[in-house]
There are 2 protein chains.
Amino acid sequence: MEPIDPTTARAWLATALAEARAGLAEGGVPVGAALYDADGTLLGRGRNRRVQDGDPSLHAETAAFRAAGRRRSYRGTTMVTTLSPCWYCSGLVRQFGISRVVIGEAATFHGGHDWLAEHGVEVVLLDDPECTATMREFVARHPRLWNEDIGD
Amino acid sequence: MEPIDPTTARAWLATALAEARAGLAEGGVPVGAALYDADGTLLGRGRNRRVQDGDPSLHAETAAFRAAGRRRSYRGTTMVTTLSPCWYCSGLVRQFGISRVVIGEAATFHGGHDWLAEHGVEVVLLDDPECTATMREFVARHPRLWNEDIGD
């Protein structure tokens, strides 16, 4: 797979960040994600829905994956997420053979993305200051909710 | 945590197997799961819903986890599943600190349960012939659907 160009990575991250911000406005955990096909088609987008739906199974990545519906293959797809994927979401990426993960930031939470890289997933970490600021503010204001969301 | 006694493990597996069979009757992927609390309370049960809901994010374990609703902690809980958990479901168990996994069989599919054991999860593999027979028949009849469900 060709490396992703920085402009595309930033544009895709903007989709995920818009989801995260919508989640924040709803009182939810502000993590957003989007699944893109190799040709740039947006297959699905979503955000953490623990608070909104009372559903702990919908992290941002699983919400985006769900929104994309059934597919025969995920080869060539990219999961874009505002935050380093937790083990649950990293497991999703590995199991379904999603080829690439673009991550907004891993400063507030470091999930399983090193493990993914070891198993052949292309990992692009953007160190985006807006993603980091959004999470920092949220974690400081709602530490219990954040810990609940990551089983901590 | 005290080791689970075999009678309890079998009784809990029966709940998961009933879910798997209900899924088979619906034309779905016949994997079932249930989440139990340390005191034996059934917190949630579910089955793979790829076919029924067109939702690839609901494996049996994630369906049972979702049905249990929001919780502060999963310490002491047991995830019972008819089949070895894939990476996605193994990631769920690890991230949320589910203490034990009881597995019906790992002969038709070997997922991430060794990795879970390495990371402190108690793994109980029952080698249940009914679970194996159900999966064998399903995989033989619907190989494409099964491969889709595990991203193969």
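**Before you start**

This is a predicted model, in which local features need pLDDT of at least 70 and side-chain atom pairs count only at pLDDT 80 or more, while totals for chains, interfaces and linings use all residues. Residues are numbered from 1 along each chain as its sequence is written, chains are lettered from A and ligands numbered from 1 in the order in which they are written, and side-chain values use heavy atoms, with hydrogens and water left out.

**Stop 1: both chains**

Colour chain A and chain B separately. Chain B is superposed on chain A by a rotation of 180 degrees, with 0.0 Å of shift along the axis and an RMSD of 0.0 Å. To find the axis from chain B, select Gly91(B): its C-alpha is the nearest to the axis in that chain, at 2.5 Å. Both copies use the same surface, since 100% of the contact residues of chain B recur in chain A.

**Stop 2: the interface**

Now select the residues where the chains meet. In contact (heavy atoms within 4.5 Å) are 33 residues of chain B and 33 residues of chain A. The size of an interface is often given as the accessible area lost when the parts come together. Here chain B and chain A bury about 3,100 Å² between them, and 54% of it is on carbon and sulfur atoms. Buried area is the accessible area (1.4 Å probe) that two parts lose on being put together, summed over both. Select Arg70(B), Arg72(B) and Gln95(B): they supply 25% of the area that chain B buries against chain A, more than any other three residues.

**Stop 3: salt bridges between the chains**

Show side chains. A salt bridge is a side-chain nitrogen of Lys or Arg within 4 Å of a carboxyl oxygen of Asp or Glu. Four of them cross the interface of chain B and chain A.

Arg70(A) is in the loop between α3 and β3 of chain A and Glu148(B) is in helix α7 (residues 143–149) of chain B, so the pair joins two chains. Helices (H or I, at least four residues) and strands (E, at least two) are DSSP runs, numbered from the N terminus. Buried means under 20% relative accessible area, exposed over 50%, and partly exposed in between (1.4 Å probe, protein chains only). Arg70(A) is partly exposed at 38%, whereas Glu148(B) is buried at 8%.

Next select Asp55(A) and Arg66(B), whose closest N and O atoms are 2.9 Å apart in a salt bridge. This pair runs from the loop between α2 (50–53) and α3 (60–67) of chain A to helix α3 (residues 60–67) of chain B. Asp55(A) is buried, with a relative accessible area of 4%, and Arg66(B) is partly exposed, with 28%. Arg66(A) and Asp55(B) also form a salt bridge, again with 2.9 Å between the closest N and O atoms.

**Stop 4: a pair inside chain A**

Select Arg47(A) and Glu19(A), whose side chains meet in a salt bridge (2.8 Å, N to O). Arg47(A) is in strand β2 (residues 42–47) and Glu19(A) in helix α1 (residues 6–25) of chain A, 28 residues apart. Are these two buried or exposed? Arg47(A) counts as buried at 15% relative accessibility, and so does Glu19(A) at 9%.

**Stop 5: strand β4 of chain A**

Switch to a cartoon view and select residues 100–105 of chain A, which form strand β4; six of its six residues are buried. Strands pair if DSSP finds at least two bridges between them. On one side, β4(A) pairs with strand β3 (residues 78–83) in the parallel sense over five bridges, with Leu83(A) opposite Glu105(A). Strand β5 (residues 122–125) of chain A also pairs with β4(A) in the parallel sense, over four bridges; there Val123(A) is the bridge partner of Val101(A). From β4(A) the chain crosses through helix α5 (residues 113–118) to β5(A), and this β-α-β crossover is right-handed. Right-handed means that, with the strands pointing away from the viewer, the path from the first strand over the helix to the second runs clockwise. β3(A), helix α4 (residues 87–96) and β4(A) make a right-handed β-α-β unit.

**Stop 6: helix α4 of chain B**

Finally, select residues 87–96 of chain B. Nine of the ten residues of this helix are buried, so it is largely enclosed by the rest of the structure. Among the buried ones are Trp87(B), Cys89(B), Gly91(B) and Phe96(B). Gly97(B) follows the helix, and its phi is positive, near 70 degrees.

Definitions and conventions: Least-squares fit on C-alpha atoms with pLDDT ≥ 70 in both.
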